[in-house]
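Please keep the sequence and the 3D view side by side as you read.

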Amino acid sequence: MVLPDGASSPDILISECGPRDGLQILSQIMPTEAKKRWIAALHAAGLREIEVCSFVPAKLMPQMADAAEIVAFASTLPGLTVLALVPNLRGAEAALAAGAHKLTIPVSGSEEHSLANVRRTRAEMVEEVRRIVDYRNAHAPHVPVEANISVAFGCTIAGPVSEDEVTRLCVSLVEAGVDDSGLSDTTGMGNPVQVKRLFTRVIGEIGEKIGAAHMHNTRGLGLANVLAAYEAGVRIFDSSHAGLGGCPHAPGASGNVVTEDLVFMFEAMGVKTGVDAASLVRSRAILSETLPGAELYGMLAGAGLPKGYRPASPGVMHGQP
Ligand code: ZN
């Protein structure tokens, strides 16, 4: 993680997932040109990894029909890792052909969720991940592949999810060749004690191969869970600009952890993110313009940065000049 302006490296990596996780849940489709403006603004705020799309059939998810064009555009932004979600080998082939810099594969933590979501058992998904890794090794060995465990902290179908099984699944994915494996609280069911316990345990098994904490704010515990994961040793965090997104199983529930609030929390703690929270607050205007009626979340946007606030990241210009 090196910032192009010569500022010192951030302490954590924030992986912005709004253009994928945020948009896929909305009924309206953000126009391609608006997506490009938005992604450019996220990059300008200092974000250096953005999950820009998913490679799924346009018939199933018309919001992502322009995935290849979006990857091509995002690849022009200097220093940006262009991350694409792929649910299977076919998606991985398309993402690599489009020039994605990194792939992320969701694997369900519960058997019920896996069968309902992708009509595959978890063991079958691990085999699919192995096929994707083999394909990557043959065609794009420089592209990292990560696999994140969905519903790792609770499942809307199965309820509680076994920590033994989640831990074993992470180990299987690393054995299948992924570069890292993280944990997702897809449905916002986790709590900080649980998050710290499970990440600590998984890190004990896979060490530096630990990937992102992907927390949803469905029940208001998103940032608390992020902090718990940080204390367990996690240094990659997924979040979404304006908390865009939601949960298909919980109508009215808010979406991902809000990027600008997360940046504020870490910078105020003295943890360098390399990201300018004030710039993110300003660029929420792109979302209100291009996604009329979509609900935007977050506390910082309403309250503003507090008096005397000093960001931890050198070179990040907060507030107005
Ligand atoms: Zn999510």
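A salt bridge here is a side-chain nitrogen of Lys or Arg within 4 Å of a carboxyl oxygen of Asp or Glu. By that rule, the structure holds 19 salt bridges. Before we visit some of them, a word on the ground rules. This is a predicted model, in which local features need pLDDT of at least 70 and side-chain atom pairs count only at pLDDT 80 or more, while totals for chains, interfaces and linings use all residues. Residues are numbered from 1 along each chain as its sequence is written, and side-chain values use heavy atoms, with hydrogens and water left out.

Start with K36 and E69, a salt bridge whose closest N and O atoms are 2.8 Å apart. K36 belongs to helix 2 (residues 32-44) and E69 to helix 3 (residues 67-74), so this pair ties together parts 33 residues apart in sequence. Helices (H or I, at least four residues) and strands (E, at least two) are DSSP runs, numbered from the N terminus. K36 counts as buried at 15% relative accessibility, whereas E69 is partly exposed at 40%. For these words, buried means under 20% relative accessible area, exposed means over 50%, and partly exposed is in between (1.4 Å probe, protein chains only).

Next, look at the strands. E49 and K102 form a salt bridge with 3.0 Å between the closest N and O atoms. This pair links distant parts of the chain, with E49 in strand 2 (residues 49-54) and K102 in strand 4 (residues 102-108), 53 residues apart. E49 is buried, with a relative accessible area of 4%, and K102 is buried at 8%.

Now move on to R284 and E260, whose side chains meet in a salt bridge of 2.8 Å, N to O. R284 sits in helix 12 (residues 284-290) and E260 in helix 10 (residues 259-269), 24 residues apart. R284 is buried at 11% relative accessibility, and E260 is buried at 0%. Elsewhere, salt bridges with shared partners join R20, D21 and E51 into one network.

D21 brings us to the metal. The zinc ion has D21 (OD), H214 (NE2) and H216 (NE2) as its protein donors, 1.9 to 2.1 Å away. Donors are N, O and S atoms within 2.8 Å of the metal (3.2 Å for Na, K and Ca); water is not among the atoms, so sites may look incomplete. Along the sequence, the donor residues follow the spacing D-x192-H-x1-H. D21 lies in helix 1 (residues 18-24) and H214 in strand 7 (residues 210-215), so the two tie together parts 193 residues apart in sequence. D21 is buried at 8% relative accessibility, and H214 is buried at 6%.
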